[in-house]
Amino acid sequence: MNTPPSPSGAQRTDGSTVRIGALVPLTRPGWVEAGRHLLAGLELAVRDANDNGGIVGRPLELIVRDTAADPQRAMAAVDELADLGVAALAGEYHSVVARSVAARADALRLPFLCSSAVLDALTEQPTQWVARLAPAQSRGWRIYADFLLNAGHSRIAVAIAPSVYWASGVRILRGCLAPSGGSVVELDISALTAAQVCEQVVAHDATALLLLVGYPEPAVSIVRSVRSDPRLTQLMLGAPAGQPEFAEWASLLGVAGAAIPFLRYLPERFSPLGERVETALRERLAEAPSFVAFEGYDTIAVLADVLRSHGTDWARIAEAWPQVDVEGTRGRIRFARAPGISVWQWAWAPIQVVDRDPAEPERFRIRHAG
């Protein structure tokens with residue numbers, strides 16, 4: 001690893017632009033569609049910031065690096081971006097990758113505003129250098145557990161791939177369901193075919209199966225197997241991590257991909273800012289923007305505000321997190337220290353449980369809100 005630069009290293013620019021390093025999964029095995037939406041939001045917000053005078057007259061510039069869901073690749077990108085003199089880091093979707101980025105940013109004392117990753121333990125120790133817009137996993141998945149219980153589901157099976165993120169989700173669900181007599185059985189997808197997952201669901205008499213697996217595969221194959229199994233017509237499929245949010249899900253599965261509830265971080269109604277951004281994102285993406293695109297936009301909105309008021313010195317940016325008070329597309333953004341969370345956290349992001357309507361798979365239904 002490179003020797004960490006000084007916290008004021010971000011001032012080594014040529015003076016013409018203020019640079020922000022954007023970390024985004026744009027190639028497989030990263031979730032490419034999520035990365036594309038995240039980048040669209042980041043880019044739109046940079047355009048809007050520059051249309052409004054930039055950073056005290058200096059244009060804002062986004063320097064994009066593809067993480068491809070690879071923690072080592074992402075950490076190398078952090079070092080490169082630090083050497084290029086970025087004022088801050090932004091983005092990342094995958095929690096495991098964001099955790100590596102946060103650790104490296106903390107070591108370099110380089111501010112990082114995480115857009116989408118939700119893993120509670122984003123850093124091992126509390127840090128002043130990292131802030132996050134997405135709700136912590138413990139909050140979102142507790143709301144999902146409440147939805148399951150309210151819908152009458154207490155015997156839950158999870159098709160799970162090896163991952164710190166998925167394992168953390170199971171712990172949260174199990175802890176929320178246990179006081180009500182609920183149970184969670186883990187089905188290791190690395191040792192089971194999609195058809196065998198169905199057999200295990202029947203054997204355990206589960207009423208809901210949650211997809212804690214990679215996308216598009218094996219998630220799509222499991223959905224197809226469940227939907228074609230006459231024994232599982234009453235089984236609820238769920239995907240708390242949000243796989244059904246994106247248009248590719250509907251194109252791959254059609255009506256089979258409907259009625260699969262997932263977590264989405266959008267308000268029931270947008271503010272005028274949210275409505276304007278939604279229209280612009282729809283034009284940019286040529287499809288309905290996901291919540292990830294709004295997370296990207298809000299990330300740059302926050303950073304632009306901080307840079308205008310505090311400059312590009314790394315230490316001053318990090319000191320500014322608790323002073324942030326910015327109108328975002330999904331509500332007023334302020335950061336605080338939340339119990340059990342090691343980074344500065346926007347604790348008030350809206351959370352919904354939604355699914356695609358079987359009668360109209362392009363339309364989303366709000367099933368629960370928290």
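Reader: Leaving out residues up to four places away in sequence, which residues does His368 touch?
Author: The model is a predicted one, and in it His368 has its place in strand β15. Not counting residues up to four places away in sequence, the residues that His368 touches are Ile143, Asp146, Phe147, Asn150, Gln352 and Val353.

Reader: Is His368 buried or exposed, and at what relative accessible area?
Author: The cut-off for the buried class is a relative accessible area under 20%. Because the value for His368 falls under that cut-off, His368 counts as buried, with a relative accessible area of 19%.

Reader: How many residues in the lining of the second largest pocket are charged?
Author: Divided by class, the lining of the second largest pocket holds nine nonpolar and three polar residues, and the number of charged residues is 10.

Reader: Which element gives the most to the lining of the largest pocket?
Author: The largest pocket has a volume of about 630 Å³, and among its 29 lining residues Trp31, Tyr93, His94, Tyr165 and Trp166 lie nearest the centre. Helices α3, α5 (164-177) and α10 (291-310) each supply at least two residues of this lining. With three residues, the element that gives the most is α3.

Reader: How many residues in the lining of the largest pocket are nonpolar?
Author: By class, this lining has seven polar and two charged residues, and the number of nonpolar residues is 20.

Reader: At what angle do the axes of α2 and α3 cross, and with what handedness?
Author: A pair of packed helices is described by the angle between the two axes together with the distance between them. For helix α2 (residues 71-83) and helix α3 (residues 95-108), the axes come within 8 Å of each other. The crossing is right-handed, and its angle is roughly 35°.

Reader: Which residues of α3 are met by residues of α2, and how many residues in this contact are nonpolar?
Author: From α2, the residues taking part are Pro71, Ala74, Met75, Val78, Asp79 and Ala82, and in α3 they meet Val96, Val97, Ser100, Val101, Arg104, Ala105 and Leu108. By class, the contact of α2 with α3 has one polar and two charged residues, and the number of nonpolar ones is 10.

Reader: For a check of backbone geometry, what is the value of phi at Ala69 and at Arg109?
Author: Ala69 is in the loop between β2 and α2, whereas Arg109 is in the loop between α3 and β4 (112-114). Ala69 counts as partly exposed at 24% relative accessibility, and Arg109 counts as partly exposed at 49%. Each is a residue other than glycine with a positive phi, which for Ala69 is near 60° and for Arg109 is near 60°.

Reader: How far apart in space are Pro59 and Pro29, C-alpha to C-alpha?
Author: Pro59 is found in the loop between α1 (32-51) and β2 (60-66), where it is partly exposed, with a relative accessible area of 36%. Apart from neighbours within four places in sequence, Pro59 is in contact with Ser16, Thr17, Val18 and Asn50. Pro59 and Pro29 are 30 residues apart in sequence, and their C-alpha to C-alpha separation in space is 33 Å.

Notes: Residues are numbered from 1 along each chain as its sequence is written. This is a predicted model: local features need pLDDT of at least 70, side-chain atom pairs count only at pLDDT 80 or more; totals for chains, interfaces and linings use all residues. Side-chain values use heavy atoms; hydrogens and water are left out. Axes are lines fitted to C-alpha atoms, for helices over the stretch in contact, and angles run from 0 to 180 degrees between N-to-C directions. Helices (H or I, at least four residues) and strands (E, at least two) are DSSP runs, numbered from the N terminus. A crossing is left-handed if the near helix is turned anticlockwise from the far one by less than a right angle, and right-handed if clockwise. Contact means heavy atoms within 4.5 Å. Ala, Val, Leu, Ile, Met, Phe, Trp, Tyr, Cys and Pro count as nonpolar, Asp, Glu, Lys and Arg as charged, and the others, Gly among them, as polar. On a 1 Å grid over the protein atoms alone, a cavity is a set of points where a 1.4 Å probe fits but cannot get out, and a pocket is an open set with protein on both sides within 12 Å along at least five of seven lines; lining residues have an atom within 4 Å of a point. Grid points are joined across faces, edges and corners, and a volume is the space filled by probe spheres set on the points. Buried means under 20% relative accessible area, exposed over 50%, partly exposed in between (1.4 Å probe, protein chains only).
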